[in-house]
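Visitor: I would like to learn how to read a few features of a structure. Please take them one at a time.

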Amino acid sequence: MALAQKKLMDVKLGQLPSWLGTRDFTPNGLLGSVRGGYERYYNKYINVKKGGIGGVAMFLAGYIALSYLWEYDHIKHDRWRKYH
């Protein structure tokens, strides 16, 4: 199999720089990668026959974690502090 057709998990560490050289880093290439990742996530966790709460819960947990990280500096400055 050609190096350009391998997935990231199939690439050996020594092949990583040349594999990255075969990737498409143009805006359209990056957009296509994000779209493909979203479609894989959607088909694996959301669009299933026997659906559960797992995919939606994972999305909400990620959203909560990102929201906390974005607001951490603001939260950190609002803590009660001892003045002594």
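Visitor: In which helix does Ile46 lie?
Guide: This is a predicted model. In it, Ile46 belongs to helix α2.

Visitor: Which residues make the nonpolar surface patch?
Guide: The patch takes in Ile46 together with Tyr38, Tyr42, Tyr45, Ile53, Val56, Met58, Phe59 and Leu60, and covers about 880 Å². Two elements, α2 (27-46) and α3 (54-77), each give two or more residues to this patch.

Visitor: How many aromatic pairs does a search of the whole structure find?
Guide: The search finds two. One of them joins Tyr41 and Tyr45, with ring centres 5.2 Å apart.

Visitor: Why is the pair of Tyr41 and Tyr45 called tilted?
Guide: Planes under 30 degrees apart count as stacked and those over 60 as edge-to-face, with the rest tilted. The planes of Tyr41 and Tyr45 are at 45°, so this pair is tilted. The two residues are four apart in helix α2, which means a separation of about one helical turn. Both are partly exposed, Tyr41 at 23% relative accessibility and Tyr45 at 32%.

Visitor: How many helices and strands are there in the protein?
Guide: There are three helices and zero strands, and the pattern along the sequence is α-α-α.

Visitor: What share of the residues counts as buried?
Guide: Of 84 residues, 7% count as buried. The protein exposes about 8000 Å², with 63% of that area supplied by carbon and sulfur atoms.

Technical notes:
Residues are numbered from 1 along each chain as its sequence is written. This is a predicted model: local features need pLDDT of at least 70, side-chain atom pairs count only at pLDDT 80 or more; totals for chains, interfaces and linings use all residues. Side-chain values use heavy atoms; hydrogens and water are left out. Patches are made of residues with over 30% relative accessible area and no salt bridge: like charges are joined within 9 Å, nonpolar side chains (Val, Leu, Ile, Met, Phe, Trp, Tyr) within 5 Å. Accessible areas come from the Shrake-Rupley method with a 1.4 Å probe; for residues, only the protein chains shown count as cover. A salt bridge is a side-chain nitrogen of Lys or Arg within 4 Å of a carboxyl oxygen of Asp or Glu. Rings of Phe, Tyr and Trp (its six-membered ring) pair if their centres lie within 6.5 Å; planes under 30 degrees apart count as stacked, over 60 as edge-to-face and the rest as tilted. Buried means under 20% relative accessible area, exposed over 50%, partly exposed in between (1.4 Å probe, protein chains only).
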